[in-house]
Structure formats: structure tokens, C-alpha cells
Amino acid sequence: MVFLFVAFFTFTVKSAIFGIDYGNENIKTSMALSGKSVHVALNQNSKRLSPAYFSLWRTNNPRNTTCEGDHWEFDELGNFTWAFLDSAKSHALRFPNNTIQGLSPLLENQLGLRRREAVALTLRHLVKTIDDGKWKPENAKIVFAVEPHMSREERYSIYEMVSLMNATLTNIIEYPTAAAQLYALEKRSLYAKKAKTVVFVDIGAKNTWAAVFTFEPTKRRPTVTELSLVTSPGLGGNNIDDALTDLLLQRFTEKYSVEKPTDQKIISKFREEAKKAKDVLSISKEVEVRIEDLDDGKFLMYKITQAEYESLLSQFGQKLTRIYLEAVEQAQLKMTDIDSIELIGGSTRVPFIQSVLLNASGLKKLDRTLNSDEAIALGAGYVGASQSSMFIVKKLNLSPYCRINVSLVHGDTELKIFNETSHLNETYKYLFYAENNDNFTIKVNGKVMTQFYINLSNKTKPNAQIFLNIGFNEYTIPNVTQIKLNKFAYNMSNVIFTNPRWSLSTEEFNKSFEFILEMEKIVEDRKKHQETYNEYESYIYSIKDKLMYDETFQRVVNESDAAIFRKAADEHRKWLDENMLTADTDTLKKKHEELKEVLKDAERREEDIGKRQEYYDMLNKSLNWIYKELTETWPKKKKWMPKDKLRSAWSNYNSTKKWMDEMAEEQKTKKDWENPAAWWNQLNIQRQIMEFNFNQSCRMKKPTPTPVGWIPPEPTPDPEEEYERHEEEHKRHEEEFHHHEEFRKHMDAYRAFVDKYHSITNGMDPKKSAPYRKIFHSYSEIHDEYLDKHDEYIHKLHDSFRYGRNRSPQYYNDYYYYYEILKPTPEPSNATDTNTTTEVNTTLEANTTTLETNNTTIETNLTVKTEDLNATDLNATDLNVTEPPVKRRRGHRRRHHRPHRRPGEERRRFRRHHHRKRLPPPPPPPPGPENKEEHEKFKESLRKWQEERDAEEYYEEKPPGYRRIPPIVVPPPPELPEMPPELLSPEEMAAKAETDAKAATDADPTQTVINDSNEARNAPIETAATKPADDDAKKTNDEL
């Protein structure tokens, strides 16, 4: 097979391409998946063929499923049961009138449903059960293969049916096209050297067709040409079944001298036995048919020979010969031009049919290189894969005939645009002017297929040219493909289509879709209810079985408990019998949980008695292993293990060992029907905790010896951590910038407030300025309190610059260790201090220190050498070190207005110069002639250290407290107080009062005019709304 498959990406949602061959008897399905080629899909029974049956019947009366109206209502669905595929076929043997078989006719209603709904339900069930329910119809892309003679109305109904199943229909292809597609891709070796003419013969259940194709090899694309096609609807495998069924019925009536049976149930039995006999006669010369359980104990035993079987098919053979000869004649070929005949369909396995085709063609043998049953479905799968971007399939030059007559009606004019010999890739172009715009109708074989109207703009000129392109869409249905207005593409959304009467309206489609979803919901609820009922019922019966036959359960239950369990089981069984038909799923679950609660402890003891010893042994084994590690392995291989880790490991072992021994002793006093001292899961948890703690200690790595003065390289920062840290820093800087902007505005407002206060109170009488002073002092207290918080915030912010700058982790260690652990104090060094330093075996080191002795600058390095240094034995007083002066460098403190630099950006001018590669150096001995001896000792110790460092022979462990400091958390800026109140001078207050009064008078004319005098200003404003109702209720001006 020549097929190249490539998946460009992995599906985030499971999806697949399905090729469907929905026959009259069976459904064949193929799949094209990411990572796989096109293959046959298996149903839930792991079979390639799925019966094309759907059955629906009344639950309480299967013989009467007649619908009084055209369609069932939603509230009536609870009275029905339905089945698909094999289950529906089994039901059809008993009640044939309750079954829909096959695909056609899709436009009819049957069993109170639209046939499109029944087929959609069947296909949804089939897709959901393929590969154990791995696929969903919502993610399925379907290529549908149909009979060549299927009408375009039914093909459009297939599109509606696939939409009802909530899938995507990508293509509709005909059976001959699918067979040619499969042959061209999988059998390229048969026509690789020269062209080949092949006749495909397909004998289905109800239809037979013969098609002639030529396959020509080319370098880029093989060329497949359809020469002819002859179909015979009504001629198929069912004719052979009918002939055998009539023979058996005839022998039955002759045996018992009765009339031919009319009961469909009995006829279905004869038909099933006839189908079995046909399959046996395809490989055997005779078959014995045995039919039992007929009316009144009657039965039939009859032997059918191959000669008698062929005599029944003589008329069928004549029709098949005529179809083959007509196909060759229409292709304008001779019999000798035919290279091979490919057989498709299960009925082509009958030897008589093969002999008929050999006699008609004159060939020596027939070919069956394709899969006879699934060839059409596989061809449809290849068509779907070739049109998907996820697959690479060899392209073909293949364009079959449309086999219909298509005409275009524009106004009173009807034009024939396609005939039966037109190809599906042809396009008809029709030109008319805008002034002649009218309704359009596309007819297929004289029947209306599509009606539409082009909605032109009012600005369109009457002489504008409109080009109308009509072709065949992916469903082989003629339709408008493109519209051009003056040679420019016109928006197809402006075309108004009218659905024909036989198609579903929007309301009908939505109702059918909701009806299908409701049916699926009912099926799921019934399935869940049945599962719950079965679990509850089986649990009830399992209780007595355990009490009678389960020895382990009998050990953990005493006589009183057993009596309680029997009584509970009897009560629940009685309740279930009484409420079998009325109890809902939730009630069954609740009763089931109640019964489980009664037996919970006994079932737990039953489980524990089988696992307890196993987990005791596992815990004991772990204890022995840890003991061996602590007593043998660690003393030899892990002498460096810290004492606290060793102490913790022994404590972990001893506590677990003690607990296990206590549980084992207590368990000896327990009976089997009593709860154990420790359940098996408790033993398991205790073992896991002990092993986890011990493994944590075992994973501890041996400390690496560190050379004196060696500074480890800066680790490569994690890009994600760096980015997050930069984002946090950038966010903090934005908050700081925003805070300082608001702080500046607040300070400007406060200064203006102070200036205003002084300008008002300057020269004012102290009594009159008292309210101003009160407001000023009150707000000044709030402002001073805020400034204290702001100063504290600035102080912490500056501290964060000292420790929390963007430095390496190693710098955090060095800086923190020196300033937080050693904590040097500034005291002058002298000879006594030097002796003290020598006693604690400490040598001081600095990176670069300038010594001025006798006006001479000495540059040297200083090192701290520590042996067995312990933070508890050494303090800052013993060291007598002072913090060196810090030289401020350019750009040492980051400014708030500096833009944030993300990782990868070019460094700006102000680079950070504060990265330190060594510990901050303590000062050397003071310069001067009196300390000349100390300087000589210092230089000698420095020289020795440099020699040892170069030889890499001197190492020491890191001093205590040497660790990475946590990141500095900068507190949020304090909240700003409210802005200062507005101060108004007396003149400004009077002007404002006058303005407000004038504005109030303009807004409400009913108010009285207020005099400018103080008496008038203090007088109440009296209007119609505020005037009292009576004289007694009036108040004086003073009271108001």
C-alpha cells in the first residue's frame, strides 16, 4: 500500500475522520487518525460490520407502537424504549414493525420519528462506542458514501442528519468514486507500468452497479477516468434471500399442507435461516436448514443442494450479465479491452455469481484485491484524509460524472447548464445585468433544488454586470459557488436562500436536535439507574452468601452480628421487592449506603485480616534494614554525618519499633471479631513515614571541603526566577514612583495650605483667627504623623538597597555573614589585639588595602583563616575588626526614575559596581613605625597563605552561619492622608455665600430674595413648601 502519512501537530482535542458506508443491512466504518493510516474501525463488539437497525417500542406494549400524530412529544419519551445495531436487530426478529432498517428513504417519518433523527441517533451511538468510547461525535469529521442513484434531496438530508448528530460532514461521495479512490492509492503497483481498465461490480443488499474506470500512471498525479456506470436499483443480495425464503416456506406448506404463513415473526425466522444458508452455500455444496419453535410445535428440516440453489438464481444471473454488458458498451470498449474485474460486496462471494461474471467477460479469473466488505468505507476515509491538512495523501486526477440534469431558471428563462455526462468539477458562468435581477431557481431532473435572490445595494447601477458561477459543492449538490459584480467578488452573505419544502426549517431542526439530546439523556439516566439497582441487589444477596460460605467473613463476625446482618438483608430485600418500579436512583443509592454502614466494620475487619500480617512483615523488614544501615553502613561510609541527623535517625527508628511492638502485644489479646489494635493501612502509613524520614537523611550529600578564601562561582540564575524578580522589582519601582509623585503633590498642597494660613491670619484679631488656628494645628498633627511614617519607609527602602539589590547569591552570603554573624565593632588594633587574634588562630585578609608607612603606600591582600571556627566560641570582641570605609561609586544607589531593565536588554551606562568577590576586609595594623613588626608578620602570613592557596592543599569547612539570606521584603508605602482643607478669608466666604444664594434663586424661583444685611442673611427662607400649615405650628426666627 502506497500511503504517506504525516501528523504536523498533536491533537489537543481528540478528533478523527470517519468514512461511513451506511448500507441497507450493515454499517461499515473507516477511520483516519493522527499517527495511523486509514483503517477499518471496530464497534463495541470488536466487529467490522454493525447492523443498520434502529428499534423503538412502547415499554409496556411492544406490539402497539403506532403514533397518532406525525411525531412524538417530549413528555411521551418516558413510555418508550429504543435500541441500536445488534440489540435493535434482535428486537426486529420478534417485532419487525418496530424497526427502521437502512438509510433510505431519509425524507419520510417512521415510528413517530423523522428518519433523519433515527439515523442520527444510530450514528451517534456508533461513533461513541468505537474504540471503547474514545471518540465523541462533536469531534468527528465524516465522509459519507452513498448509492449512485440517490437523489440530491436525500443527499441534502444527509447533511441535515449529520448536523443533528452534532458532527461535521466534510464530503459526500458515491460508491464508484470511493472504490476507484481506494484502488488508485493502494494498488498503484498494478498500473505502474501501463494504463489499466478495471470494471468494479458491487452487489449490495438492495442495489447493484457496475462501473468502468481507467487508471493511467503519471509522474505527479495518477489519472483516474470514469468511462461508464450502470445501476440497477432493487437488484441485490436481498433477492437471493427472498428466493431462498420462498423455497423454505414452500417446503413448509407442502410438509404440513397449510397456507403460506403471514405472521411477520415467522417469516423473519425463515429469512434469517435463508441468510445463513446463503453464506454456507458460498463455500459448501449443500446445507441442511433446521427451523424449530414454529406454531403448534411445527418445524422444518430441509437440505438445499448447490444445483437447486443455482436454479433459483438463474433470473438473477441474467440481469447481472445484462448490467455488465451494458457498462462495457457505454464505455465504448471491447471485451478484450477489460483488464480485470474487481468484486465488491458480500454477495459477490457466491460461486454462481462469480461464474456468471466470468462467462460474461470471457476472463480467466476475477480479482478481489480490495476488501469486499469495507472497500467503500476505506475509500471514503482516504477522501477525508486527502482534504485534511494533517495528512499527506497522493493526489489524484479524478472527476466523476454528475449523472443528473441541472437547469437554471432566471425569471421566465430556463437554461440547461449540466447533463448526465458533466463532471463534478465543472462550473457554469451566467452573465446578466443588475436591472434584470430576479429570483433564481436551480432544478435537478425537473425538481426544485435551491431558490435564491441576490440582494443588491441601492447604489448599484442598472447596467452593472453580474457574473454568477454555478457548480457542485462538496456534497455533490449544485449550488452558487461565486458571484462577481463588475468582475469583483460579491459578498455571498447578501444572497438570500429559500429552503425547499422537503428540508428542515430552523425551528424543526432545533426541535429535532433537542429531541435527540433528550433521548440520549433518558438513556444515560436509565443506564445509571439500572447499574445502581443491580449493585444494590447483588450486595443484598452477597451478605447471606458471605455468612454461609465465606470462612474469612465468618471469622470476623460473631453470632449477634450475624443475626443483625441477616435481619438487615431481609428488610432491604423486602423493601426492594416492594419498590422495584417506583424507587429512583438517589433513593436506591441512599438505601445501599445504609446497608453498607451496617456491615462497614465487619467488612473492614475482613479486609484487614487478610492484609495485616503482610504489612507487619513489611514494617519489620524496613526496621531491620534501617537498623543495619545505622549500625554497619553509616559508621563506615558516613562518618561525616552530623550528630543531629544521626540522633534524628535513631529516634525515628526507636519510636517506630516501640510502636510496632506495642501494637503486636495488644493484638495478641484481640479476637478476630474485634477491631484490631492497628489496621493494615495504619501499619503501611507508619512504615512510609519512617522510610521517608530516613531516606531524607540518606540523601544528604557529604559537605565539600572549601579552600581558604575560595569564593564559589556565581550560579547561573534561573530565567523564570530572574524574570519574576525583575517583574517584582519593576512593580515596586512603579509603586515607589507613584508614591513619590503623590507625596510631591501632597507636599505642594501642604505648603500652599501653610502659606494661605499665614496670609489670612497675618494681622488678624486673635479671636477671629482662633478657628483658623484650630484647623491649622489639627491638620499639622496629622501631617507630622504621616511624615514620621514616611521617614521610616524611606529608611527601610534605603536598607533594601544595601542588602536587596540585584546582586548574586554569593554576595548575599558574604555580606550577610560579615555584617550579621561576625558583627565587627570599630576598635583600634594593637599588639594585644594581635596576640588575642593569634590565640584564637585567626588570620585576617582583605582584597586590596592601602597601608601608608613613612609616606609609602603598601598594597596587599588579607585573608581570614579559620580552623574549627564556632559561632558560639567566637564573637566580635575577640576578632577586634572594624568595618572598612565604603567608597561611594557612581551609580551605587539606584534612582527611582531609572527605567526597568529586563533580562537580555543592553546594559545602560550606570552599571552596578558593587559586586564583591570576597569577604569585606577588616583593616590591617595601623600604619606607623611602632607597628613595623606587626606589618612584617602580616606580610609573612599573607605570603604563606598564597603559597598554600596556589598548591590547593589547605581546605576548611564553611564557617557557621554562612548561608544565603532571605530576600529583603520592602514594606508598602504608607497611605497618604487627605488633602489639606480649603481655607477661605472672610471676604471670600461672603462672596461665595452670595454666589450660592444667587445660584439657588435661579434654580428655584419660589424662594424669596435675601437682603444683603446680616439680619436678612440669618433670617429663615420661607417658601410655599416650607410654610407651616397653621399658625400654631409657626416658629420664630430665634427658635429656628
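Two strands pair if DSSP finds at least two bridges between them. Keep that in mind as you look through these views of a predicted model.

**View 1. Five strands, E17-E12-E13-E14-E18 in that order, form an open sheet.** The pairing in this sheet is mixed. Look for its edges at strand E17 (340-344) and strand E18 (397-398), each of which pairs on one side only. Helix H4 (residues 175-186) packs on the sheet and touches E12, E13, strand E14 (223-233), E17 and E18. The direction of H4 makes about 40° with that of E13.

**View 2. Strand E12 (residues 196-203) and strand E13 (residues 207-216) pair in the antiparallel sense.** Eight bridges link the two strands.

**View 3. Helix H1 (residues 85-94) crosses helix H6 (residues 264-281) at roughly 125°.** Two packed helices are described by the angle between their axes and the distance between the axes. Here the axes of H1 and H6 come within 7 Å.

**View 4. Side by side, H1 and H6 meet through a handful of named residues.** From H1 come Lys-89, Ala-92, Leu-93 and Arg-94, and they meet Lys-265, Ser-268 and Glu-272 in H6. The residues of this contact divide into two nonpolar, one polar and four charged.

**View 5. Stepping back, the protein has 25 helices and 33 strands.** Of its 1040 residues, 41% are buried. The accessible surface comes to about 59900 Å², and carbon and sulfur atoms account for 48% of that surface.

Key
Residues numbered from 1 in each chain as written. Predicted model: local features only at pLDDT ≥ 70, side-chain atom pairs only at ≥ 80, totals over all residues. Heavy atoms only, no water. Axes fitted to C-alpha atoms, helices over the stretch in contact; angles between N-to-C directions. Helix = DSSP H or I, 4+ residues; strand = E, 2+ residues; numbered from the N terminus. Contact = heavy atoms within 4.5 Å. Nonpolar A, V, L, I, M, F, W, Y, C, P; charged D, E, K, R; others polar. Buried < 20%, exposed > 50% of the residue type's maximum accessible area, 1.4 Å probe, protein only. Areas by Shrake-Rupley, 256 points an atom, 1.4 Å probe, with all protein chains shown as cover.
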